[in-house]
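The structure is shown first.

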Amino acid sequence: MDREAGRREKKGAYRSPVRVGTVLLAAGVAVAMIQYKVPTILSSLMALFDMDAEAASWLMSIFTLASVFAALPSGLLAQRFGAKSMMVAALGIAVTGSCIGLAAGSSAALVASRAVEGVALTILTTCGPLVVRACVDPGKVGTAMGIWGVWGCVGSTAAAVVTPTVFEAMGFAGVWTVFAIGAVLAAVLVLAAIRMPRARTAAEEAKAAKSGAASGRSRGCAAWGLWRMLLTRDILLFLGGFAMFNVCLLAVLSFVPTILQMQGVDPTWSGLVSTAPMLLSVASSPLFGAISDRRGRRKALLVAASAVMGPCTFLLYTDTGALMLIAVAVMGLVGMGGVGLFLSGFVGLVPRPELASVGMGLMVTVQGVGQFLGTFLVQMLLGPSLDHWFLAGGVLMGLGLAGTILLVLCRMR
């Protein structure tokens with residue numbers, strides 16, 4: 001009877017996956033808009049801060065480097081202070097970075113402010129899935145992750161639409177101020193709408209881990225023992241597939257507009273082609289999450305999502321006609337459906353609750369490495385004139401298919 005009562009009490013502590021996913025989506029969009037406020041006004045910022053192209057590129061590249069170095073510490077901090085608290089802190093750090101940017105008098109100071117904003121993005125990316133894990137019934141995690149997972153797509157699109165208008169009306173200071181206010185409002189929303197179940201807080205998990213260590217069951221969680229439990233065969237295979245997914249994704253977002261324009265495609269149309277898969281993910285990611293919850297399985301959907309990324313990237317690099325449009329549709333409706341599933345799939349692979357925070361930090365680190373390779377490696381493949389399209393597309397197709405094989409070998413539901 002006591003066990004049954006405990007089960008009912010735990011179930012009653014879970015929150016609506018739609019509500020949790022939507023609130024976290026709002027927080028993610030606020031920070032993603034801060035990240036993507038730069039590209040559409042980059043030329044104006046270069047003139048305003050007397051920056052050359054190489055220096056200006058760091059206004060976006062610094063975000064990738066921040067994720068590589070800040071992800072693991074973010075996971076440890078979430079374990080110590082709680083995922084919700086760290087999400088609110090991330091929004092506060094984003095506001096702080098915006099304030100530093102407002103006061104920047106040089107290009108170096110502006111890049112430094114972007115690094116602070118990048119740390120905020122990393123913490124948010126790391127802690128969002130941890131909040132979902134704590135608040136949502138395990139059988140409905142896919143739905144919440146599917147909603148939460150599109151925050152980057154929605155945020156980047158919203159920033160592309162809003163930034164030029166605000167910049168024209170209010171200038172540089174207006175953009176930085178308006179987007180910072182958005183982060184403040186998102187922090188208030190998270191504080192008011194997300195209630196972490198008492199039985200599943202980070203403090204409780206830490207206490208349980210400490211108790212286990214005293215009995216000898218959790219001594220391996222310290223130092224090497226912790227990593228030995230976390231870096232299992234299946235988790236390494238999963239992370240390899242995740243890295244290849246991100247290589248292809250960033251290769252599309254970073255270079256497809258330029259490649260298409262070099263082949264005579266209108267700039268507006270080329271930008272729409274590169275962002276259309278992200279826009280379609282607003283529908284496909286929640287749908288894939290709901291399907292995985294209903295079926296209780298994710299592997300087949302994840303393998304399908306990964307399998308199309310490489311071939312679609314190849315077509316986007318090498319074709320400007322009907323095949324390109326087919327690639328856009330398939331990548332958006334199938335490939336980008338895996339965005340939320342990667343998050344829920346990794347949460348399901350982590351063997352113990354006390355490893356969740358560090359594990360999510362590891363996943364975000366791998367994401368950052370994949371995204372960095374999606375720009376640095378691909379630029380090398382394209383050559384100095386960015387015209388080796390078949391070579392780069394062929395390598396990316398191979399990497400995408402290699403990532404798919406890794407996911408096939410991974411033992412997950």
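## Overall make-up

The chain contains 17 helices and zero strands. The model is a predicted one. Of its 413 residues, 52% count as buried. Among contacts in the chain with a separation of 6 or more, 84% are between residues 24 or more positions apart.

## Helix H2

Helix H2 covers residues 17-35, which is 19 residues. At 1.5 Å a residue, a helix with this number of residues should span 27 Å, and the end C-alpha atoms of H2 are 26 Å apart, so the two values agree.

H2 is mostly covered, with 15 of its 19 residues buried.

## Helices H11 and H13

Two packed helices are described by the angle between their axes and the distance between the axes. For helix H11 (residues 233-262) and helix H13 (residues 299-318), the angle is about 25° and the axes are 10 Å apart. Angles under 35 degrees count as roughly parallel, and H11 and H13 are therefore roughly parallel to each other. Their crossing is left-handed.

On the H11 side, the contact is made by Phe238, Phe245, Cys248, Leu249, Ala251, Val252, Phe255, Val256, Ile259 and Leu260. H13 contributes Leu302, Ala305, Met309, Gly310, Thr313, Leu316 and Tyr317. By class, this contact has 15 nonpolar and two polar residues, and no charged ones. An α-helix has 3.6 residues a turn, so residues three or four places apart point the same way.

## Helices H12 and H15

The axes of helix H12 (residues 267-295) and helix H15 come within 7 Å. They cross at roughly 45°, which makes H12 oblique to H15.

Ser285, Phe288, Gly289 and Ser292 of H12 make the contact with Gly338, Val339, Gly340 and Leu341 of H15. By class, three of the contact residues are nonpolar and five are polar, with no charged residues.

## Gly348 in H15

Helix H15 spans residues 338-349, and Gly348 lies in this helix. Is Gly348 buried or exposed? Its relative accessibility is 54%, and exposed means over 50%, so Gly348 counts as exposed.

Gly348 and Val141 are 207 residues apart along the chain. Their C-alpha atoms are separated by 9.6 Å.

How values were computed:
Residues are numbered from 1 along each chain as its sequence is written. This is a predicted model: local features need pLDDT of at least 70, side-chain atom pairs count only at pLDDT 80 or more; totals for chains, interfaces and linings use all residues. Side-chain values use heavy atoms; hydrogens and water are left out. Helices (H or I, at least four residues) and strands (E, at least two) are DSSP runs, numbered from the N terminus. The expected span of a helix is 1.5 Å times one less than its number of residues. Buried means under 20% relative accessible area, exposed over 50%, partly exposed in between (1.4 Å probe, protein chains only). Axes are lines fitted to C-alpha atoms, for helices over the stretch in contact, and angles run from 0 to 180 degrees between N-to-C directions. Angles under 35 degrees count as roughly parallel, over 145 as roughly antiparallel, 65 to 115 as roughly perpendicular and the rest as oblique. A crossing is left-handed if the near helix is turned anticlockwise from the far one by less than a right angle, and right-handed if clockwise. Contact means heavy atoms within 4.5 Å. Ala, Val, Leu, Ile, Met, Phe, Trp, Tyr, Cys and Pro count as nonpolar, Asp, Glu, Lys and Arg as charged, and the others, Gly among them, as polar.
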